[in-house]
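Dear colleague,

Here is the structure that I promised to hand over to you. Please open it first, and then read the notes below beside it.

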Amino acid sequence: MKIKPVRGTHDFFGQQVLKYRTIQDLISHYSAIYNFEEIITPIFESTELFKKPLGENSDVVLKEMYTFKDKNEDLLTLRPEYTTPMIRSAISNNLLEKLPKKLYGIGPMFRRERPQKGRYRQFNQINFEILGTHDISADIDLIILANNFLKNLLPQKKINLFINSLGDKNTLSNFRVSLGNYFKQNKEKLTEESQSKIVSNPIRILDSKDPTDIEINLNAPKISDFYSNEAKEKFSNIQTILKDMSVDFSIDMNLVRGLDYYCHTVFEFKTLDLGSQDTLIGGGRYDGLTKLLGGPDIPGVGWAGGIERLIMLMDDIKPLQKTIHLIIINESFKEYGLKVANQLRQKNINIHFDYKYNLKKSLSNANQLGARYAIIIGEEEVKKNLCTLKDLNKNVQEKKTIENIIKDLS
Ligand code: HAM
């Protein structure tokens, strides 16, 4: 029986694992210098946690959640995103007493989307969230953190930052009505999928990648016409500071994000190298979300990045060289070999234990693996309690005690 991976899932191995670890290390580095604390939450949560906050009419809730009934009839969902679980966890564990709270997390998310290049049903995200401040410095800090992280990870790639403001709650509700009316008037010209969103979620039509919808979107009402003075000022200040800090960006009035909880600043970092699944990092402000989840009425802002998409853009990484190849020329010296390997490994020396027990085959193996040294164990070595250290580059060798080998190699 040959069992295939589930559609939309994938395994990480070889280069992908090296790249995944590189991303993890870089994230640990940035979380330390920006003072974010790591949080690890369960992979499944009560379905309730996601339904309302992400939007009952959002694609994620309508079509993409992996929801199932547990044996005792509890409705559970594999987390489709990390912002709501992180806030749920901060509320459950009383982490919101001292604000702002800066949290980050890495892990798998699940969405039952149509799989394609860069889009999976299980994928990994990096998330950074700042809870408890209205200050636009938090928005800017997070945008710059993402910018620095991407520049560091993918120095050779051109990545574009797009920003927009969704204004406050009144902005969005007035905009939604006006947009709905406009799309109703142009219903016949829209694609079937967009027509189905006119009443439930007209803002999502602005996201459509279909050329006929794009044409109609060009003349749609603009969200900026509905900003309050405060929202206008916030957005303008953010732009000024980003410019002052030499962060390149473009304003995209149609950038509305896929989840319902956003307000004010929203942003996305995109690449031209991945086809249609081009967003590497997306995020924004979600000022009413913590209250909606039963916590205090505090604002929040954050972003998430897709690890699979980042990995697809990374150059290959040279694996760590397995530097020392342990060659035991006859199986009867195995025990001595195991002891030598153990002594060296306890001194943090990387040993490749060759199970061939054949000098010629093991030397050829060592060459193939690019080993720098070989330690050879034969009859004489065992008798005299020594080992032969062979420099494979210089092709010279010498019998030594283990203590001297450790000294030479450390
Ligand atoms: P999102 O835009 O849904 O936002 O996802 C963030 C990133 O996750 C995307 O830009 C993309 O790189 C990656 N991603 C999403 N879906 C998939 C998929 N099916 N396959 C591969 N990668 C994917 C959020 O999830 C928000 N929680 C972000 C946020 C944090 N907003 C505020 N704080």
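Predicted model: local features only at pLDDT ≥ 70, side-chain atom pairs only at ≥ 80, totals over all residues.

Residues are numbered from 1 along each chain as its sequence is written, and side-chain values use heavy atoms, with hydrogens and water left out.

In total, 27 residues surround the ligand, and the closest are E81, E113, Y120, E129 and Y262; a residue is near a molecule or strand if one of its heavy atoms lies within 4 Å of it. The strand that gives the most to this shell is β10, with six residues. By type, the shell divides into ten nonpolar, ten polar and seven charged residues, where Ala, Val, Leu, Ile, Met, Phe, Trp, Tyr, Cys and Pro count as nonpolar, Asp, Glu, Lys and Arg as charged, and the others, Gly among them, as polar.

Several polar contacts (pairs of N or O atoms within 3.5 Å; within protein, one must be able to donate a hydrogen and the other to accept it, and residues adjacent in sequence count only if both atoms are side-chain atoms) can be listed here. An N or O atom in the side chain of E129 is 2.9 Å from a nitrogen atom of the ligand. A polar backbone atom of T279 is 2.9 Å from an oxygen atom of the ligand, and a backbone N or O atom of L280 lies 3.1 Å from a ligand oxygen atom. The ligand taken alone exposes 650 Å², of which the protein buries 95%, with accessible areas from the Shrake-Rupley method with a 1.4 Å probe, and with only the protein chains shown counting as cover for residues.

Turning to the backbone, most residues other than glycine have a negative phi, and most peptide bonds are trans. The peptide bond from L99 to P100, however, is cis, with omega near -5°, and P100 sits in the loop between α4 (83–92) and β5 (101–110). S246, a residue other than glycine, has a positive phi near 55°, and S246 is found in the loop between α9 (229–244) and β8 (250–251).

With best wishes

Key. Helix = DSSP H or I, 4+ residues; strand = E, 2+ residues; numbered from the N terminus.
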